[in-house]
Amino acid sequence: MSPCGMSIIIPTYGRVDLLARLIQSILQDTARVKFATEILLADDTPQPEGDSIQELAHQSGARVLYGESHVGGKRNYGAREARYDFVLFLDSDVVIQPGTLQAHFDKLSNSCDARVAGCLGQVDFVGKPTFAWQVISEMQLTLPFSYPQVADTVPWGPTANISFRKDIFLECDGGFDTSMPKYGGEDVDLGLRLNNAGYVIVTAKAAIAEHTVETWNSWRQNFRRLWFFGLADYYLLIRHPDRAFLDFPTGPILWLLQLGCGVMLLLLHGLPMFAWVGGGLVLSILAYHLVYAVVKGQRASRLSVHLLG
């Protein structure tokens, strides 16, 4: 059995300045706790930037683990090498607030429920937002980072700020599934597998990490992120078909579908502007009602359609 304490595992690839800020916040918080801690950096940063990671580790007393490139594999490697019985995963572009380590430790050590496998902390986005960030933040993709504000237990949680009991984490098929493509989704998969095994993940509002919007502030980053999220969802549906259900889009999504239908009409038939806009809307609305009625098994169509969201 591992000694009581917390191993803080950070998968890294570049981002030396952001990593330095994170490590500084960790060191400040470790000075406030009475349990043992360590920092592990699972790194595959190429040279010469890799030397900077090594120097940063030397200055902070962190251990550097080499050999993994898959982000899930990095976290698994860190858990296997961890000295202590609790492992905390943090992303390299966050900064933890005072009391975060204690909050994770208390949730995992004080729980009388043997089913508690992990603890999800809160992630707040900070920094100067761009229009690209404002768009992505309205798409509900960042809602899981705020799960602790609305729920005491969750089926899964983002790996930016989440801890586990090491023995349970490793017993769950070695942790994150590295056979999944590098699109993301391994955090969802792990949580669902833990649920299926009878475990739960609790939340801690006092465990707060601030996530810079710097890595979410460009259109290129967000288009890439959305593309990978979509690919990850495909593999998650295959792995967890019991969690899938059929739904039908409304609001802004429906409006985009209708607009796309109108554009197709324009391209295919060369209709004048007023004709393809009006015809596209009419045809797509009719198609929407028809499909909705078939999918939902209803005889009446859905009349309250909000074209403009």
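Arg 15 is partly exposed, with a relative accessible area of 38% (buried means under 20%, exposed over 50% and partly exposed in between, with a 1.4 Å probe and protein chains only). This residue sits in the loop between β1 (5–12) and α1, and its phi is near 55 degrees, a positive value in a residue other than glycine. Helices (H or I, at least four residues) and strands (E, at least two) are DSSP runs numbered from the N terminus.

## Basis of the model

This is a predicted model, in which local features need pLDDT of at least 70 and side-chain atom pairs count only at pLDDT 80 or more, while totals for chains, interfaces and linings use all residues. Residues are numbered from 1 along each chain as its sequence is written, and side-chain values use heavy atoms, with hydrogens and water left out.

## Other backbone features

Asp 173, in the loop between α6 (166–171) and α7 (186–196), also has a positive phi, near 55 degrees, and at 66% relative accessibility it counts as exposed. The peptide bond from Gln 47 to Pro 48 is cis, with omega near 5 degrees, and Pro 48 belongs to the loop between β2 (36–43) and α2. Most residues other than glycine have a negative phi, and most peptide bonds are trans.
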